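I opened the notebook to record what I looked up, entry by entry. The structure comes first, then the notes.

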Amino acid sequence: MKDNRKTLVLIGHGMVGHRFCEKLDEYGLLNTYKVVTFCEEPRAAYDRVGLTSYFAHRDAQKLMLARMEWYQEKGIELHVGDRATKIDRDQKRVLSSKGEEIPYDKIVLATGSYPFVPPIKGIKKRGVFVYRTIEDLEHIINYGKKSKRACVIGGGLLGLEAAKAAHDLDLETHVVEFAPRLLPRQIDDAGSKILVQKIEALGVQVHLSTATEEVLGEGQVEGMRFSSGEELDLDMVIVSTGIRPRDELAQECGLKVGERGGVIVDDRLQTSDPAIYAIGEVALHREMVYGLVAPGYEMAEIVAKNLVGEDQRFKQADLSTKLKLMGVDVASFGDIDQTEGIQSMSIDDPFEGIYKKLIFSEDGTQLVGGMLVGDASDYIRLSSLAKSDNPLPMTPSELIGLGGETSGGGILDLSAEAQICSCNNVTKGALCDYLKENDCNSVSELKCGTNAGTGCGGCMPAVTDLFKAHLEESGKEVVTHLCEHFHYSRQELFALIKVNELKTFESVMKECGQGYGCEICKPTIASILASLWNENILDHATLQDTNDRFLANIQRGGLYSVVPRVPAGEITPKQLIVLGEVAEKYDLYTKITGGQRVDLFGAQVHQLPDIWEELIDAGFESGHAYGKAVRTVKSCVGTTWCRFGVQDSVGFAIRIEKRYRGIRAPHKLKSAVSGCIRECAEAQCKDFGLVATENGYNLYVCGNGGAKPRHADLFATDLSEDLAIQYIDRFLMYYIITADKLTRTSVWLENLEGGLQHLKEVVIEDKLGIGEELEIRMQSLVDTYKCEWTEVVNDPQRRKQFNQFVNSEENEYGIELIDQRGQKRPADWPKSFVPIETVGSFSPEQVFEDWVQVGRVSDFPVDGGATIKHGEVQIAVFNFASRGEWFASQNMCPHKRAFVLSSGIIGTEGEIPKVACPLHKRTFNLTSGECTSDQEMSKIKTFPVEIRENEVWVLLPPVGVLEPELKTKDHCIKSSCAPKDSPPLLPV
């Protein structure tokens with residue numbers, strides 16, 4: 001069919017270009033216009049505001065603003081990696097670098113800008129980079145691998161982002177700024193002083209009022225010379241000295257451009273050719289080029305509305321901004337450059353690292369603008385007041401926080417016109433309207449429905465507060481129950497268990513819960529009991545995930561790893577020899593961990609006590625790699641060996657690790673101590689970390705690596721060892737008491753009301769008056785510490801819990817091991833689960849079943865499972881004592897064919913008894929065998945159980961019938977690509 005739509009060519013496809021496409025779709029213009037867009041970069045639009053996060057995840061897909069399928073679904077013709085090279089206004093066509101010729105009715109220029117590189121001598125040497133695209137970042141990452149020192153030229157917003165990137169690459173980082181302050185367009189000298197103080201505390205060196213004269217080196221960067229004559233040794237230079245509009249296409253086709261660049265547009269954002277519009281950083285509106293994304297988004301919306309037929313005008317854009325630069329909150333709003341008819345007030349607190357300046361009208365009734373450094377939590381309220389024409393509801397002193405209590409209120413006190421999300425111009429009224437008109441049940445739904453929080457994310461706390469307030473207003477409850485068995489949050493349960501001195505799961509259930517528990521509440525209660533009373537966790541063995549139940553990390557195929565503690569990574573040659581001897585004796589795969597320890601993989605559960613007996617004799621103790629507990633405290637060698645060290649980081653790290661070893665928490669805890677600002681121990685990505693200074697240690701908190709890395713926040717500076725220990729005691733205990741289950745410290749801090757400032761008030765200032773109690777509780781845990789493996793090794797009854805089978809002394813592997821690089825490792829997982837039905841099945845009606853005696857009641861743990869051997873088949877038998885019932889099933893989980901179900905946690909879902917596979921938490925109905933968490937998963941075989949005079953009997957088919965279906969050796973994980981000479985299975 002003939003396409004009668006007009007053709008609109010969008011040249012440039014960055015964030016603003018993509019927003020324009022979204023607005024075309026929103027306003028129904030994709031029915032009017034065929035949209036063709038040229039994207040010069042090798043990928044479609046991505047989040048340039050969040051560019052620095054690329055250094056953490058190195059995944060460009062995580063930055064993409066839309067899937068490629070989205071453009072196809074909308075009918076947008078997207079030319080990726082193809083640059084528009086010419087606009088032929090006479091023929092009304094656009095030509096591209098790949099030979100495309102597209103006739104047009106309208107053009108929208110969204111070509112953005114390019115980094116300005118000043119004409120400094122030597123600036124074109126190898127090792128000089130700009131900071132603009134993902135490709136730029138990839139070049140910086142690759143070059144940074146062979147570099148030690150980097151300098152960023154430019155101390156503006158993007159320059160500080162680049163400095164953070166260099167710092168995160170473990171480079172000694174310098175920032176050079178020609179102006180006398182950082183962020184010269186956003187803050188004043190006093191604000192800059194606080195910002196410099198915080199940035200230099202991270203180890204980044206700042207050079208203000210400094211001009212770069214030459215980049216030194218023979219062919220590549222070796223240093224930099226300033227106009228003062230001072231030189232700096234360097235390996236890399238990143239230039240961030242501003243932007244210039246990409247207006248070359250406009251110039252070549254005769255459009256009017258400004259003297260200093262930029263395509264001149266009117267208030268309708270039309271160029272000197274009415275058929276051509278310009279938006280974003282390429283547009284010059286009233287002598288102004290806007291380098292922020294929010295004005296670009298506003299321009300995109302205005303052009304889309306004008307194409308519909310409206311008469312929308314672009315006025316002077318709001319340049320308010322709120323960012324976190326190198327972990328420091330910085331914000332500016334309103335008119336901060338106004339000098340006449342104004343009065344200003346400021347708070348400059350160098351001790352807390354906070355600067356606040358508010359600019360008022362001369363009579364103090366209007367807020368004109370302001371700037372915030374160190375604490376920008378009040379940004380939304382203040383920026384809304386600055387935009388309002390209404391008189392201030394309080395005095396300037398009250399607003400800034402002087403002369404009595406502030407009376408600003410929270411988000412509910414803001415007007416409907418108050419802008420909550422500046423990136424996407426989403427007002428409080430728009431959010432409230434969406435909540436009223438839609439059955440919105442989560443913050444994620446609100447975010448997707450309004451676009452609030454999809455830019456820089458700085459408004460998410462306010463969006464979340466508004467969502468919660470709406471739920472309360474509408475009578476809906478924000479449910480924080482732990483699970484169906486406990487109608488309390490973890491924090492509430494912690495308080496109840498502490499106050500009532502409850503010490504068993506049964507007493508907690510009787511006092512606070514209902515039913516029989518499940519795989520969610522049982523480990524949570526066990527963790528709380530350990531955090532409060534510090535009794536041996538094996539006293540609550542069946543409450544634990546299999547890692548804690550067997551004091552080892554379960555690995556593929558149901559084998560376990562052994563990780564002895566090596567405090568601060570310091571180990572003697574004799575201990576290393578013992579580790580090697582143990583690994584050889586038990587044929588264990590050996591690897592150095594990221595936490596400066598040695599990991600021994602491939603132990604069978606029955607071998608664990610014997611292995612640990614040898615390790616304990618050599619002076620080792622449990623490393624708690626299996627627990628939600630304090631894991632490791634990494635260290636560099638500090639003053640022990642390093643020529644740059646300023647403190648004994650090894651000694652302090654050992655002291656910290658031995659103090660907090662084994663302490664249970666809502667999630668795992670990692671720490672590190674670095675002996676100088678070079679930060680070789682990576683302390684700033686840990687739950688708590690210390691970096692040595694000449695005067696002591698800087699303490700960082702709530703960082704983590706992993707899937708969602710987070711840089712730790714600077715908490716306190718120049719601490720003595722004893723004061724650092726006191727702060728860490730309080731910090732950890734407050735986290736243990738208040739965090740939700742399975743919540744890392746980073747997420748806990750982000751959700752903590754008042755954030756970092758509140759945490760400082762609790763820990764440093766003891767604002768809640770609980771500092772002493774937190775210290776006493778921590779000291780109690782320290783004083784009652786016992787090595788869990790030592791207690792097992794010395795207790796014959798506890799050792800029995802590690803037997804593989806209740807009814808047999810035999811042992812067998814449930815997984816094939818293959819040779820790789822001189823060691824044995826498990827065969828690969830099957831590509832998908834194998835339904836038992838396809839293996840061959842028996843019909844109960846045709847097979848004579850018989851009752852088999854498999855052990856005594858005392859052989860099976862209360863409210864837990866154990867394995868019995870029936871011929872060459874493994875059967876899991878469960879003693880659900882709290883329900884007065886017994887169950888049996890195959891021991892093999894069909895998901896990955898691992899023989900592990902007997903060590904899973906049993907519980908109920910409603911009235912249905914279930915077991916959770918310890919590997920991937922799939923749950924199975926112990927009566928029907930159906931998978932209750934995955935409908936596509938194959939059922940498991942279940943078998944009746946009877947108790948006869950304290951003996952346990954299971955109704956089972958004959959061995960000859962059952963073995964073809966469930967025989968361990970036939971159905972363990974095997975490799976389809978294993979070497980021919982590799983053993984099919986290790987001998988029993």
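I count a residue as buried when its relative accessible area is under 20%. I also keep in mind that this is a predicted model.

**Entry: Thr-743**

I looked up Thr-743 in the loop between helix 21 (721-738) and helix 22 (745-751). Is Thr-743 buried or exposed? I read a relative accessible area of 12%, so Thr-743 is buried. I then asked which residues Thr-743 is in contact with, leaving aside its neighbours within four places in sequence. I noted Pro-666, His-667, Tyr-735 and Trp-748.

**Entry: Ala-452**

I turned to another loop residue. Ala-452 sits in the loop between helix 12 (443-450) and helix 13 (460-473). Its relative accessibility is 0%, so I put Ala-452 down as buried. I listed what Ala-452 touches, not counting residues up to four places away in sequence. The list reads Cys-421, Val-426, Leu-431, Lys-447, Cys-459, Met-460 and Val-463. I also took one distance. Ala-452 and Ser-422 are 30 residues apart in sequence, and their C-alpha atoms are 8.6 Å apart in space.

**Entry: helix 9**

I checked burial along helix 9 (residues 379-387). I found 8 of its 9 residues buried, so helix 9 is largely enclosed by the rest of the structure. I wrote down the buried ones: Tyr-379, Ile-380, Arg-381, Leu-382, Ser-383, Ser-384, Leu-385 and Ala-386.

**Entry: nonpolar cores**

In soluble globular proteins, nonpolar side chains tend to be buried together. I looked for such groups here. The largest nonpolar core has 145 residues. Which of them touch the most other members? I noted Phe-20, Leu-109, Leu-195, Ile-279 and Leu-367. Helix 8 (residues 293-308) gives this core its largest share, 8 residues.

I followed up on Leu-109. Leaving aside neighbours within four places in sequence, I found Leu-109 in contact with Ile-11, Ile-87, Ala-250, Leu-255 and Val-263, among others. The contacts of Leu-109 also include Ile-276, Tyr-277, Ala-278, Ile-279 and Val-282.

I also recorded a second, separate core of 63 residues. Its members include Met-509, Val-633, Phe-652 and Tyr-727.

**Entry: hairpins**

I started with strand 23 (residues 342-349) and strand 24 (residues 354-361). They pair in the antiparallel sense over 8 bridges. Ile-347 stands opposite Lys-356 in strand 24. This hairpin has 4 residues between the strands, and Gly-353 takes a positive phi near 70 degrees.

I went on to strand 41 (residues 873-880), which pairs antiparallel with strand 42 over 6 bridges. Here Ala-876 stands opposite Ser-889 in strand 42. I again noted 4 residues between the strands, with Gly-884 at a positive phi near 70 degrees.

How many residues of strand 42 (residues 885-890) are buried? I found 5 of its 6 residues buried, so to speak a mostly covered strand. Strand 42 is also joined by 2 bridges to strand 48 (residues 942-943), and the two run antiparallel. The bridge partner of Ser-889 in strand 48 is Thr-942.

I traced an open sheet of 4 strands in the order 28-29-31-30, with antiparallel pairing. Which strands stand at the edges? They are strand 28 (553-554) and strand 30 (589-592). Each has a single partner strand, so one side of each is left without a neighbour in the sheet. I checked the pairing of strand 28 with strand 29 (residues 560-562) and found 2 antiparallel bridges. The bridge partner of Ile-554 in strand 29 is Tyr-560.

**Entry: cavities**

I found 4 cavities of 30 Å³ or more.

**Entry: second largest pocket**

I took its volume as about 1,100 Å³. The lining has 48 residues. Which lie nearest the centre of the pocket? I listed Arg-549, Gln-801, Pro-861, Gly-865 and Ala-866. Helix 15 (505-512), helix 26 (796-800) and strand 40 (864-870) are the elements that give two or more residues to this lining. By class, I noted 19 nonpolar, 19 polar and 10 charged residues.

How values were computed. Residues are numbered from 1 along each chain as its sequence is written. This is a predicted model: local features need pLDDT of at least 70, side-chain atom pairs count only at pLDDT 80 or more; totals for chains, interfaces and linings use all residues. Side-chain values use heavy atoms; hydrogens and water are left out. Buried means under 20% relative accessible area, exposed over 50%, partly exposed in between (1.4 Å probe, protein chains only). Contact means heavy atoms within 4.5 Å. A nonpolar core is a set of buried Ala, Val, Leu, Ile, Met, Phe, Trp, Tyr and Cys residues joined through side-chain atoms within 4.5 Å. On a 1 Å grid over the protein atoms alone, a cavity is a set of points where a 1.4 Å probe fits but cannot get out, and a pocket is an open set with protein on both sides within 12 Å along at least five of seven lines; lining residues have an atom within 4 Å of a point. Grid points are joined across faces, edges and corners, and a volume is the space filled by probe spheres set on the points. Ala, Val, Leu, Ile, Met, Phe, Trp, Tyr, Cys and Pro count as nonpolar, Asp, Glu, Lys and Arg as charged, and the others, Gly among them, as polar. Two strands pair if DSSP finds at least two bridges between them.
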